[in-house]
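Biologist: I would like to learn how to read a fold from its contacts, its helix packing and its ligand shell. Can we go through them in turn?

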Amino acid sequence: MAITYDVAVVPLIDPALLAVLAVVVLAAATLAVVLFVRARRVRELQTRRRPSLPAPAPAPDAGVEAPTLPTAEPAAPAAPAPAPAPTTERPEAAGTRMARLRRRLAGSANPFAKALAGLLSSDRLDADTWDDFEATLIGADLGVGPTTELVTTLRRELAIDGVADAGKAREVLRTELVRLADPTLDRALNATGADGLPAVVLVVGVNGTGKTTTVGKLARLLVAEGKTVLLGAADTFRAAAADQLTTWGDRVGVRTVRGPEGGDPASVAFDAVTQGVAEGVDVVLVDTAGRLHNKANLMDELGKIRRVIEKKAPVTECLLLLDATTGQNGLVQARVFDEVTDLTGIVLSKLDGSAKGGIVVQVQRELGVPVKFVGLGEGVDDLAPFTAEGFVAGLLGE
Ligand code: GDP
């Protein structure tokens with residue numbers, strides 16, 4: 001039996017209803033598109049307003065190994081941001097400067113090492129050889145007296161064993177030079193004040209010997225030893241001196257007391273020490289103007305500076321700057337300065353440029369005042385405490 005469908009039973013959709021449905025579907029689609037576009041725009045705007053952040057770390061991926069720095073430890077939590085770099089420098093401690101003293105002396109063509117080499121290379125120790133040796137030592141500012149002593153001892157010792165034993169000759173020369181440089185002298189800087197007062201270090205000398213530079217270097221050395229320091233710029237004659245000193249101080253966090261240009265140096269020194277007492281610092285370093293030792297009024301002024309300072313605190317050190325390259329003239333200066341203001345120590349500057357270290361022996365003998373420091377160059381830490389043994393080792397090029 002054939003199956004027949006009666007088309008009349010299939011309900012026909014009313015075209016009007018169909019049109020309404022189409023309109024509804026179209027409206028819904030339009031609304032969806034509008035909402036989608038708005039949502040995207042809002043997201044874009046939010047992203048633009050947010051401050052830019054570093055890209056997030058990529059998520060660990062099973063297949064790709066993230067690059068890591070070599071480390072023995074498991075990854076530590078992120079380190080805190082590094083502290084800002086300190087504005088002050090860390091000066092070099094005294095210990096390592098000794099080696100530099102030896103290197104600098106040994107590095108220059110120094111006459112002592114040359115004299116010794118000349119002596120050792122001679123086949124015969126005749127009168128001419130000894131004359132040459134003597135002349136070299138005097139040329140190196142050792143002075144006639146110490147040179148004669150040294151040569152007499154060497155001649156006596158070498159007459160016994162002969163110069164064939166180079167090691168022995170060197171040993172005799174070393175022993176004699178150390179004796180002349182006098183290892184028994186107390187060379188410590190008196191940087192400890194009494195009765196709760198600061199130590200006061202007064203630095204004097206003729207112009208250009210290196211006073212201001214040395215005050216700056218000394219400040220660094222004291223800071224390296226953990227001392228608190230205040231600088232007094234009592235060189236009011238030279239326009240740039242106070243600026244120069246302030247710069248040295250600033251580099252190691254040390255303050256400088258200064259006065260008006262051309263002002264009274266004694267008044268600046270007084271102010272510096274007064275402030276040092278009030279602040280309870282360990283050491284006040286006072287720079288003074290360079291003065292010619294043969295100008296009586298300037299030398300008197302130095303006496304006045306000292307007297308004025310001592311109304312507040314005793315001067316624990318009075319250091320004379322001597323330029324090692326000036327030779328005998330330095331000795332004359334030293335004598336006059338010592339008369340005006342009791343010297344307690346010598347700083348021998350520019351030993352790097354001269355290698356005429358013999359002046360150490362002469363000045364100590366003349367004044368009975370020890371060489372406490374030597375200047376070895378223009379670098380900020382080119383100031384070394386003096387030791388007789390280190391000095392002689394440097395002279396002999398060891
Ligand atoms: P002041 O007039 O005595 O205060 O002398 P300064 O401190 O202004 O120094 C004079 C010059 O000597 C400067 O150019 C310093 O850099 C230089 N000077 C100081 N000490 C030394 C040293 O030990 N070696 C060398 N080569 N130069 C130095």
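Biologist: What share of contacts in the protein join residues at least 24 apart?

Modeller: Two residues are in contact if their C-beta atoms, placed from the backbone, lie within 7 Å. Among contacts between residues at least 6 apart in sequence, 77% join residues at least 24 apart. This is a predicted model: local features need pLDDT of at least 70, side-chain atom pairs count only at pLDDT 80 or more, and totals for chains, interfaces and linings use all residues. Residues are numbered from 1 along each chain as its sequence is written.

Biologist: How are two packed helices described?

Modeller: By the angle between their axes and the distance between the axes. Here α6 (residues 166–181) packs on α14 (residues 388–395) at about 135°, with axes 9 Å apart. That angle makes α6 oblique to α14 (under 35 degrees is roughly parallel, over 145 roughly antiparallel, 65 to 115 roughly perpendicular, the rest oblique).

Biologist: Which residues of α6 and α14 make the contact?

Modeller: From α6, Arg174, Leu177, Val178 and Ala181. From α14, Ala388, Glu389, Phe391, Val392 and Leu395. They divide into seven nonpolar, no polar and two charged (Ala, Val, Leu, Ile, Met, Phe, Trp, Tyr, Cys and Pro are nonpolar; Asp, Glu, Lys and Arg charged; the others, Gly among them, polar).

Biologist: How many residues surround the ligand, and which are closest?

Modeller: A residue is near a molecule if its C-beta atom, placed from the backbone, lies within 6 Å of it. Here 19 residues surround the ligand, the closest being Gly210, Lys211, Thr212, Thr213 and Gly375. By class, the shell has two nonpolar, twelve polar and five charged residues.

Terms used
Axes fitted to C-alpha atoms, helices over the stretch in contact; angles between N-to-C directions. Helix = DSSP H or I, 4+ residues; strand = E, 2+ residues; numbered from the N terminus.
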